[in-house]
Structure formats: C-alpha cells, structure tokens
Amino acid sequence: MSQAKVIKLRLSLMGRPIKTYTFDLPVITVGRDPSADISLENPGVSREHFRLERLADETYQVVDLGSANGTQVNDRNVNVAPLRENDVIRFGKYTLWVSYDQDRRNTGERQAGAQVPQDTVVLSRDELTQVVASQRKKEVEAPPSAPASSPASAGGPAPAAAPAPSREPASPAFAIVLAFMGGAAFGLAAMWLALSR
C-alpha cells in the first residue's frame with residue numbers, strides 16, 4: 001500500500017529563507033488574515049491572497065482569491081494552476097517553493113486526521129522592515145567583483161582576503177614605544193644638524 005503525500009512549502013522573503021511548512025490538509029490558506037494557515041503581515045499580500053487545494057492524485061493546485069497583486073507560478077500570472085514538484089509560487093515579495101514527500105506517520109494517525117505539525121510565521125511591520133533593511137544593506141556592502149586578470153578568475157586558487165584595518169585605539173604600551181621612537185629620531189636629527197655646522 002502506497003503512503004499518502006504531504007506538501008512541503010519553503011517560504012522566502014526577497015530570496016532569504018524564512019520557514020518551511022509541511023501540510024496534510026485538503027485546503028491551505030495564505031494571506032494577511034491571522035487565521036490563515038500561512039499568515040503574513042505585509043501590505044503586498046492580500047487578506048485572502050490564495051489557497052492550495054488538494055487534488056485526487058494528492059498533489060495540489062493554487063487558486064488565486066482575487067488578490068490585489070496577483071499570484072504567479074513559475075513567473076506566470078495564474079488564477080488556477082496545478083502544482084508540480086519544484087514549482088515556485090510568487091506573491092508580493094514572497095516565494096514558496098513546492099515539494100511533495102511521503103507521509104511518514106503511521107496509518108492510524110493518518111486515518112484519525114492528525115495534522116502534520118506546522119508553524120505559522122507572522123512578521124510584524126517592524127520585523128519586516130528589519131528584514132528588508134538587512135537585505136538592502138547586504139546588497140550595498142557586497143564586495144566588488146575581482147578583476148579579470150586575478151588568479152581566481154583564471155581558475156587558480158582565490159587570494160586570501162586582506163585583513164580589515166583595525167579601528168580600535170592604540171594600546172598605552174604601543175603609544176609609549178611610538179613616542180620613544182619618535183623622540184629618539186628627533187634627537188638623532190638634532191644631533192646630526194648640530195654636528196654638520
């Protein structure tokens with residue numbers, strides 16, 4: 001007897017993984033509504049954005065619920081579309097990667113209708129702002145690409161990164177040694193000038 005399937009959904013925001021969900025439900029709701037199975041507090045997501053409906057072959061289809069910004073499957077706008085392994089659902093700034101897996105719970109639990117444990121991610125406006133700001137900061141701070149003649153681009157080993165300059169204040173012992181060396185250099189220069197007259 002074949003095992004039942006569950007759907008796994010990997011949620012990302014602007015390419016940054018956030019959460020993975022596993023469901024064994026006939027209908028999975030996605031939107032801003034706090035009671036949605038995947039609830040996301042984001043202005044780009046409609047209150048009832050879309051739902052996933054299980055089909056007879058235990059795969060799912062996505063059904064857009066008249067969302068303001070639409071729903072895409074593999075970069076195509078859709079109203080209703082079947083979901084295959086590795087399909088990508090995009091809505092607002094979010095992405096859901098679809099995969100299917102065998103339900104590994106025992107048959108008794110499955111017949112009793114036990115749900116696969118899952119978590120719902122709810123991002124507050126402040127948390128979302130922090131995630132977006134962090135992503136933008138990473139994009140701005142990205143190191144420039146290596147010049148074409150570097151060993152890394154020629155297939156050789158990548159050069160070791162130069163250590164970042166220290167921004168810490170000098171230690172008192174280092175300052176004393178530096179002052180002594182400066183004084184000694186000044187003294188030698190003064191003696192040389194005096195003797196050269």
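Strand 6, comprising residues 60–64, is largely enclosed by the rest of the structure, because 5 of its 5 residues are buried. The model under discussion is a predicted one. Burial here refers to a relative accessible area under 20%. The side chains of strand 6 divide between two directions: Y60, V62 and D64 point one way, whereas Q61 and V63 point the other way, and all are buried.

The pairing of strand 6 may be considered next. Strands of a sheet in general pair through backbone hydrogen bonds, in either a parallel or an antiparallel arrangement. Strand 5, formed by residues 50–54, pairs with strand 6 in the antiparallel sense, and 5 bridges connect them. Within this pairing, R51 has V63 of strand 6 as its bridge partner. Strands 5 and 6 form a hairpin with 5 residues between the strands, and in this hairpin E58 adopts a positive phi near 70°. Strand 6 is also joined to strand 9, residues 80–83, by 4 bridges, and these two strands likewise run antiparallel. Here Q61 is placed opposite P82 of strand 9.

Strand 1 and strand 2 run antiparallel and are joined by 7 bridges. One of the residue pairs is that of R10 with T20, its bridge partner in strand 2.

Strand 1, which spans residues 5–13, also contains K8. Is K8 buried, partly exposed or exposed? With a relative accessible area of 28%, K8 is partly exposed, since the buried class requires a value under 20% and the exposed class a value over 50%. When neighbours within four places in sequence are left aside, K8 is in contact with Y21, T22, W97, V98, S99 and D101. For one of these contacts, the separation along the chain can be set beside that in space: K8 and W97 are 89 residues apart in sequence, yet their C-alpha atoms lie 8.0 Å apart. With D101, the contact involves both side chains, as the side chain of K8 makes a polar contact of 3.4 Å with that of D101.

Methods:
Residues are numbered from 1 along each chain as its sequence is written. This is a predicted model: local features need pLDDT of at least 70, side-chain atom pairs count only at pLDDT 80 or more; totals for chains, interfaces and linings use all residues. Side-chain values use heavy atoms; hydrogens and water are left out. Buried means under 20% relative accessible area, exposed over 50%, partly exposed in between (1.4 Å probe, protein chains only). Contact means heavy atoms within 4.5 Å. A polar contact is a pair of N or O atoms within 3.5 Å; within protein, one must be able to donate a hydrogen and the other to accept it, and residues adjacent in sequence count only if both atoms are side-chain atoms. Two strands pair if DSSP finds at least two bridges between them.
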